[in-house]
Amino acid sequence: KIVFRDSSELPISMSEKLSPIIESAYLAHHASGKDSLRVRFSEPVSETSPNADFLEFKHAGDVQTISAAQVEWDADRSSVLLIWDAGQGFPLPRDSIRVLAGMLQDSLLNKSLATAPYAKIAGAYPFELQTNSYPEELPL
């Protein structure tokens, strides 16, 4: 309700209609050959179709669906960890990621939208360091 200065009141009905979006995403490369992507959402979410892909990423203008080998949700379902084998065509740091339309919903059943904004993926690029294990001695 709205209360005016003269103490009169106006009853109104309001409801939250914002769909869940991605707040942050962090990509980690692991020496084990498994890479992981931690995605945090704006609020706790649930899948509308269990075991279906629910994220997509944009790399160099191409949009691809993320299909992880393993999906681990946090207890409150506001964050998910996606794990896959390295080199399977997954995103890189600075790529963009978003929720697929209609695949996630919040506690009020507001589903993700096709117009959901993309979020940048943070993280470090994988690199390999090679050294000469038998260095030559240089004359002094």
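# Exercises on an all-strand chain

E56 is found in strand 6; strands here are DSSP runs of E with at least two residues, helices are runs of H or I with at least four residues, and both are numbered from the N terminus. The model is predicted, so local features need pLDDT of at least 70 and side-chain atom pairs count only at pLDDT 80 or more, while totals for chains, interfaces and linings use all residues. Residues are numbered from 1 along each chain as its sequence is written, and side-chain values use heavy atoms, with hydrogens and water left out.

## Exercise 1. The chain as a whole

State how many helices and strands there are in the chain, and what share of the residues is buried.

*Solution.* 
Step 1. The chain has zero helices and 12 strands.
Step 2. Buried means under 20% relative accessible area, exposed means over 50%, and partly exposed lies in between (1.4 Å probe, protein chains only). Buried residues account for 31% of the 140 residues.
Step 3. The accessible surface, from the Shrake-Rupley method with a 1.4 Å probe, comes to about 9600 Å², and 54% of this surface belongs to carbon and sulfur atoms.
Step 4. A contact means heavy atoms within 4.5 Å. Of the contacts between residues at least 6 apart in sequence, 62% join residues at least 24 apart.

## Exercise 2. The sheet around strand 6

Give the strand order of the open sheet of eight strands, then find the pairing partners of strand 6 in strand 7 and strand 10.

*Solution.* 
Step 1. Two strands pair if DSSP finds at least two bridges between them. The order in the open sheet is 7-6-10-12-3-4-9-8, and the pairing is mixed.
Step 2. Strand 7 and strand 8 (70-73) are the edge strands, each pairing on one side only. From one strand to the next, the twist averages 25°, with axes fitted as lines to C-alpha atoms and angles running from 0 to 180 degrees between N-to-C directions.
Step 3. Strand 6 pairs with strand 10 in the antiparallel sense over four bridges, and F57 stands opposite I97 there.
Step 4. Strand 6 also pairs with strand 7 (residues 62-65) in the antiparallel sense over four bridges. In strand 7, Q64 is the bridge partner of F57, while T65 stands opposite E56.
Step 5. Strands 6 and 7 form a hairpin with two residues between them, and A60 in the turn has a positive phi of about 50°.

## Exercise 3. The surroundings of E56

Decide whether E56 counts as buried or exposed, and identify the side chains with which E56 makes polar contacts.

*Solution.* 
Step 1. E56 counts as buried because its relative accessibility is 11%.
Step 2. Leaving out residues up to four places away in sequence, E56 touches V63, Q64, T65, I66, S96, I97, R98, L100 and Y118.
Step 3. A polar contact is a pair of N or O atoms within 3.5 Å; within protein, one must be able to donate a hydrogen and the other to accept it, and residues adjacent in sequence count only if both atoms are side-chain atoms. The side chain of E56 has such a contact of 2.6 Å with the side chain of R98, and one of 3.3 Å with the side chain of Y118.
Step 4. E56 and I97 are 41 residues apart in sequence but 5.7 Å apart in space, C-alpha to C-alpha.

## Exercise 4. The nonpolar core

Name the residues with the most contacts inside the largest nonpolar core, and the elements that give two or more residues to this core.

*Solution.* 
Step 1. A nonpolar core is a set of buried Ala, Val, Leu, Ile, Met, Phe, Trp, Tyr and Cys residues joined through side-chain atoms within 4.5 Å. The largest one has 23 residues, and those with the most contacts inside it are L37, V39, F41, F54, L55 and I97.
Step 2. Two or more residues come from each of strand 3 (22-29), strand 4 (34-41), strand 6 (55-59), strand 9 (79-85), strand 10 (96-99) and strand 12 (119-123).
Step 3. Beyond four places in sequence, the residues touched by F41 include I21, F54, L55, W73, V80, V99 and L104.
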